[in-house]
Amino acid sequence: MMERAESCQKLYTRMRLWEFPDEYVIEPTDGSSASSLSISRVDASMKLIDGIPECNSIRVPKIQTIFGVVGMLKLVAGSYLIVITGRECVGSYLGHPIFKVISLKVLPCDHSVKNSPEEQKKVENEFSRLLKIAERTSGLYFSYDTNLTLSAQRLYDLGDESKLLPLWRQAEPRFLWNNYMLEVLLDNKLDPYLLPVVQGSFHNFQAAIGKEIVDVTLIARRCTRRNGTRMWRRGADPEGYVANFVETEQIVQMNGFTSSFVQVRGSIPFLWEQIVDLTYKPKFEIVRPEEAPRVAERHFLDLRKKYGSVLAVDLVNTHGGEGRLSEKFANAMQHIVSDDLRYLHFDFTKVCGHIHFERLSFLYDQIADFLEKNWYLLLNEKGEKMKEQLGVVRTNCIDCLDRTNVTQSMIGRKILELQLRRIGVFAAEETISSHPNLDESFKILWANHGDDISMQYSGTAALKGDFVRFGQRRVQGILKDGYNSLIRYYLNNFSDGTKQDAIDLLQGHYIVSVSRDMTPPSQTEGLEAIASFPLALCLVSIGLFFTTMSLRQVRYDLRHLFFSVLWASISVAIAAFVRANGRIFCNRPRLHKPRC
């Protein structure tokens, strides 16, 4: 049933890349005996050719194997082809192999840059450096045979005609990571080269329950509409698309049955931001608060269209900055709650603290009726639909990482127990905890899942991951959380701005324009042009050093007291200036700068 009908043309699974001085040639080598694709290194024009161009002493090509074409980006003067040079098979999705991208390579088609003005060359170099950052994008997955952007239920509901379409045309655009990069290839009608790629997570395991084997898979699909880094993409945009929106699907296969359960996470759905300013926890700022109900309504209208009924579970604190966001969220929801949209606030920190996560059972008691009413997808041995999922739980905290992952793993555990009872493997009161191998594998599955999502958004593994992984908080886990929090602080303040620019460039949130982009994106004015945190830190350190040295000489000459006060004053003044103007000392995005 879940098998994809044969489409007109299959994707090429292995290709040989010929790098000639004036062109790239991509030759399918998977036995398909198809035409090769030639791409000019001068103007990026493409054409299909029947053979490999002649090689000689002048045209000596570099040759390597590639496993897919991700797409192409056009910058100021040149275009850049992105290909997959390394892959790893990480499991199967409904019987089809799934691959993880191990390495990407950016191939410049920029010979025309040589004839460009010097200023244009400088701009092109800055943009191309962002593509080098893009080569390190983590959590990319693909399949040559099935549509990884769709859940099992949506795949089941695809019509026969849709199943005959190329994979890129079946794909859900919001989960298609390379949607924008494929546009140039679409124009050239190159279906066998159009490889859909998703960003997220993919893990699975098999475990024995008595004499039976259960296969559990966990997939995350990250939405690209408001993709970005932790501090530079918060809240929602005016259209209702939220930051860190991730669809998580848990699939169980056993005794011929297939069952799927989907839940989602996403930032609090109105306009707010938290701009880094060197403080450990920057202030939350609600932008255009009067628009919150309208933006939230747009967001939940979109969710209801895609998933049916929605239960929004808000895990944030009720005090401080988080409390203001939670209050605004609750007020916005008052205007739109209905029979198919519920809102539930659960103060995770107040109820569970930092170690008593077993108290999440209080939350489950409040949402159990929704889960039992809206069910999950269940297919029998014949591939017939016995149940379908009619609604979704949407969970959020501030980052939608740590508290959210602990909560979603609890919900996933409860659903898996329900599924196994329905299939007839578990008795009425039997739980996952009574099967040590299954229990351990399930915890590791969700811990890895949370780490992957966190790594993409924050740059570190998830906090509180030791509870998900081991079922309890440990001293080592708490210390690791402290370390990861410091790493997050560093990345947020001194690295993520440039990374955000790279993401915006790849996803098409910022489209390069020759008429506009004639000055380097890094070029700044005023204080920001000279603001340098390393320099300021160095000056403060020098000032403190001379203060100390002068104080040591005071007993020999009182004039050194004046110098020690002078140096100390300079150090304090510089530190105070940096503190008061923290934002200009941080690494900020230079390209796409929406007000939320």
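This note goes through the strands, the surface and the salt bridges of a predicted model.

1. Basis of the note. The structure is a predicted model, in which local features need pLDDT of at least 70 and side-chain atom pairs count only at pLDDT 80 or more, while totals for chains, interfaces and linings use all residues. Residues are numbered from 1 along each chain as its sequence is written, and side-chain values use heavy atoms, with hydrogens and water left out.

2. Five strands form an open sheet in the order 4-3-2-1-5, and their pairing is antiparallel; strands here are DSSP runs of E of at least two residues, helices are runs of H or I of at least four residues, and both are numbered from the N terminus. Two strands are said to pair if DSSP finds at least two bridges between them. At the edges lie strand 4 (46-49) and strand 5 (62-66), each of which pairs on one side only. On average, and with direction ignored, neighbouring strands of this sheet are turned by 25° against each other, where axes are lines fitted to C-alpha atoms (for helices over the stretch in contact) and angles run from 0 to 180 degrees between N-to-C directions.

3. Strand 1 and residue E19. Five bridges pair strand 1 (residues 15-19) with strand 2 (residues 23-28) in the antiparallel sense, and within strand 2 it is Y24 that stands opposite E19. The side chain of E19 also meets that of K105 in a salt bridge of 3.2 Å, N to O, a salt bridge being a side-chain nitrogen of Lys or Arg within 4 Å of a carboxyl oxygen of Asp or Glu. Because K105 lies in strand 8 (residues 96-109) and E19 in strand 1, the pair ties together parts that are 86 residues apart in sequence. E19 counts as buried at 12% relative accessibility, whereas K105, at 26%, counts as partly exposed; buried means under 20% relative accessible area, exposed over 50%, and partly exposed in between (1.4 Å probe, protein chains only).

4. In the loop between strand 4 and strand 5 one finds I58, a residue that is exposed, with a relative accessible area of 71%. From C-alpha to C-alpha, I58 and L185 are 30 Å apart in space, and they are 127 residues apart in sequence.

5. Strand 16, an enclosed strand. Six of the six residues of strand 16 (residues 309-314) are buried, so this strand is largely enclosed by the rest of the structure. In a regular strand the side chains alternate between the two faces of the sheet. Here S309, L311 and V313 point one way and V310, A312 and D314 the other way, and all are buried.

6. The partners of strand 16. Strand 16 runs parallel to strand 20 (residues 391-396), to which six bridges join it, and it pairs with strand 17 (residues 341-345), also in the parallel sense, over five bridges. V310 has V392 as its bridge partner in strand 20 and stands opposite L341 in strand 17. From strand 16 the chain crosses through helix 7 (residues 320-334) to strand 17 in a right-handed β-α-β crossover, that is, with the strands pointing away from the viewer, the path from the first strand over the helix to the second runs clockwise.

7. Other salt bridges. Side chains of opposite charge can pair when their charged atoms come close. A search of the whole structure finds 29 salt bridges. In one of them the side chains of E239 and R298 meet at 3.2 Å, N to O; E239 lies in the loop between strand 11 (212-222) and strand 12 (246-254) and R298 in helix 6 (residues 292-307), so the pair ties together parts that are 59 residues apart in sequence. E239 counts as partly exposed at 47% relative accessibility, and R298 counts as partly exposed at 34%.

8. R469 forms a salt bridge with D451, the closest N and O atoms being 3.0 Å apart. This pair links distant parts of the chain, with R469 in helix 12 (residues 465-470) and D451 in helix 11 (residues 436-458), 18 residues apart. R469 is partly exposed, with a relative accessible area of 23%, while D451 counts as buried at 17%.
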